[in-house]
There are 2 protein chains.
Amino acid sequence: MKIGLLIIGNEILEGKIADANTRQLARFLLSRNLELMTSLTVRDTEASIHQGLERLFSDCEVIITSGGLGPTKDDVTKETIASWMGRKVIFSDEALAVATQNYQRFQRVFAGKEHGYSYLPEGFNALENSTGFAPGLFTIHQGKYLLCGPGVPREFKSLLDDHFDQKILSAFAPPSEVIELFTVRTKRIPEEKIFRETAPTLWGQLEQYGTVSSLPHIMGVDIGVKIKGANTVELERKKSELRKIFESSPLMPNIWNFGTQSLEELIVGVANRKNISYGFAESCTGGLCSHRVTGISGSSQTFLGSVVCYSVAVKAKSLGVKTETLNNYGAVSEEAAKEMAVGVARSLNLDVGVSITGFAGPGGGSPEKPVGTVYVGVHAQGKTQVFHYQFPGDREQLKQRFSQAALYLLLEELEKFAVT
Amino acid sequence: MKIGLLIIGNEILEGKIADANTRQLARFLLSRNLELMTSLTVRDTEASIHQGLERLFSDCEVIITSGGLGPTKDDVTKETIASWMGRKVIFSDEALAVATQNYQRFQRVFAGKEHGYSYLPEGFNALENSTGFAPGLFTIHQGKYLLCGPGVPREFKSLLDDHFDQKILSAFAPPSEVIELFTVRTKRIPEEKIFRETAPTLWGQLEQYGTVSSLPHIMGVDIGVKIKGANTVELERKKSELRKIFESSPLMPNIWNFGTQSLEELIVGVANRKNISYGFAESCTGGLCSHRVTGISGSSQTFLGSVVCYSVAVKAKSLGVKTETLNNYGAVSEEAAKEMAVGVARSLNLDVGVSITGFAGPGGGSPEKPVGTVYVGVHAQGKTQVFHYQFPGDREQLKQRFSQAALYLLLEELEKFAVT
């Protein structure tokens, strides 16, 4: 099944927002052993949309569109798709009923026949939207399947969840292969070093199992192998063989996860399993470490809290960092990081306290401690260690890198604890 | 100048990451009064890349590619572009020199002639990469301009900054028009209500100035007008007329910004100008409010710190929330929000203390206070107010909405203060 996504949205081509729907659709398809072939973003004009439809209808069997179904005048998807197909937009009892239901779900009254949501291109179906107001659309044209969803990511996602299987998947033969991305996540090693120095034969070994990919991200590289098999048994066998290849490779010490879970998911998992309470004293990360772990459901079981200590006064008063330490060494120092980690563990009664102090820029820093300098303190089981790093990047990137460094250290610390 | 972006990246079509380069390129172009016509994402295969090149070379005068220039075997951009053009990939002294320089910038030694970075398609230029290792590429083919950058957003951006003007912009006549997106940001009103009920004539009025757009986002709608003019004087006149239209519209009470600045930028601006210190007691937002304001450079001037109080014990001990309050009303209650706001202001010595307590789900909540319930407390100038909201969404969306609600209230509170 060749599937293409057409994104209709000036807001993306004008840089107002980034597209989130390609990623959502790709993940959705993969969970059904399907792949996304291409994604094309066009402007909200008739000519651009027609051109996009032309291209995707010539290359794909299933075309999914996102955007332009809303209530304002810049929402032109229905009209332009209809004109491209030589169809009219007409009043539809089905659309009226679906829109009425969409509104009822939010305890709101639908305007009815005078509202644009009651109109559809001839021969189209209206699809319920379980998270918003605008109905989705479906039709078959030139033997190709067309599903149109709203641009708002939450609504686009629910349209897929609610209608893709019934309207599209059921019409095709089930995929003959099972597909999975086998992912291994590494830390603290540059992409180039992995395959040139550390494990020069690794790529070739992996390639015997499927398409290999390497994706660098904040302070790490994800190595992926797209494996296919006739059934899940074959897939499991391939996965266990791949795992052995990695486990016996010189890269093993840099691997922090076999799987796609995020660092914060692993942290919450380990901390909850071992019942270890933790929290942060965040200076330069400004709350990001806490925000990341609290993004995971269940984190409240062991993440107790943090102190975001941006000012010197908060470091001193809330965490008990000594005035002499701040005066003699500065707030960005090994000494301050140490007292912050101890301070937050003591003040919030934590098993593990992690502190982060550094210069995220663009201001601050000094010749000895330039922007990008960070100290991470880890206090646990009566011991405190401080780690020092120097990273490149702008303020946003540095906050991300600083938090990543702190979370790697936290996970390593949690792994040292025995299960209680 | 018709400009198209070709994104080469399985990692995007497999849903591993979301594309950030379309947005970056669009913003970059707009700053030069240019527009991005389309963005096309294709798989890392020769056939897909060839097809993408075919399409963009037929539609555009300037083609920019992103991705596939790295050191691993899945980086095939150079080879496939060369084969599409019928050119060979050859050793290049220029590429060797550029790559050597890229490495030197990071105090690393380049492997030289044996490294793929020393090779280029015939007739291509190698371009310095000021933030990474892989050289960018440039050529003119069939009278069309081709610029190839790395996929890593930071490197893609620096390639544009460093080379676009000299290699491409200078070859074209300067744009005859000045373009700007006039943006007005509204809060607490659904998109549909704006144009159907509150200000039904607004869209028509705005349309006389340029293309109008409406973009809903977390708890608000951005209304945009793309204005063009022969020069900045004409643009300024249009902007001031547009502003008057909005100021006399019934929508005015919902407008929180004329411009594209974010909520956190406005907060940092107002707080710093008036010298008002502030901070948060964050329960369900888990550090997100603090993370958002500390994303803005200069925030350290008045944002002093926060307490992320996930556990009941931290609420009680660090913020002084009374045990009776927690027992009688629960941690998610008007009463707890009130004591949290007062507590954080007192404990961190803040002019304004903002508290957030609610249920972000998926667990927690009760029939009376379901997931999505949030209380925001604002303590300032001796007074404490608590606001209660009920939002839809999953955990991630709710954290975003809760923080947005809190930051709107913080901005409103800061605006009440006199300049000192």
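How much area do chain A and chain B bury between them? In this predicted model, the two chains bury about 7,000 Å², and 51% of that lies on carbon and sulfur atoms. Buried area here is the accessible area (1.4 Å probe) that two parts lose on being put together, summed over both. On the chain A side, K16(A), E192(A) and Y310(A) lose the most area to chain B, together 8% of what that side buries.

The contact (heavy atoms within 4.5 Å) takes in residues from both chains, as the table shows.

| Chain | Residues in the contact |
|---|---|
| Chain A | 84 residues |
| Chain B | 84 residues |

Let us turn to the charged pairs. Eight salt bridges are found across the interface of chain A and chain B, each being a side-chain nitrogen of Lys or Arg within 4 Å of a carboxyl oxygen of Asp or Glu. One of them joins R43(B) to E35(A), at 3.8 Å from N to O. Strand β2 (residues 36-42) of chain A gives the largest share of the side of chain A that touches chain B, seven residues. Strands are DSSP runs (E, at least two residues), numbered from the N terminus.

The chains also share strand pairing, for which DSSP must find at least two bridges between two strands. Strand β14 (residues 305-309) of chain A pairs with strand β14 (residues 305-309) of chain B in the antiparallel sense, over five bridges. There, V308(A) stands opposite S306(B).

A note on reading the names: residues are numbered from 1 along each chain as its sequence is written, and chains are lettered from A in the order in which they are written. Local features need pLDDT of at least 70, side-chain atom pairs count only at pLDDT 80 or more, totals for chains, interfaces and linings use all residues, and side-chain values use heavy atoms, leaving out hydrogens and water.

Definitions and conventions: Helices (H or I, at least four residues) and strands (E, at least two) are DSSP runs, numbered from the N terminus.
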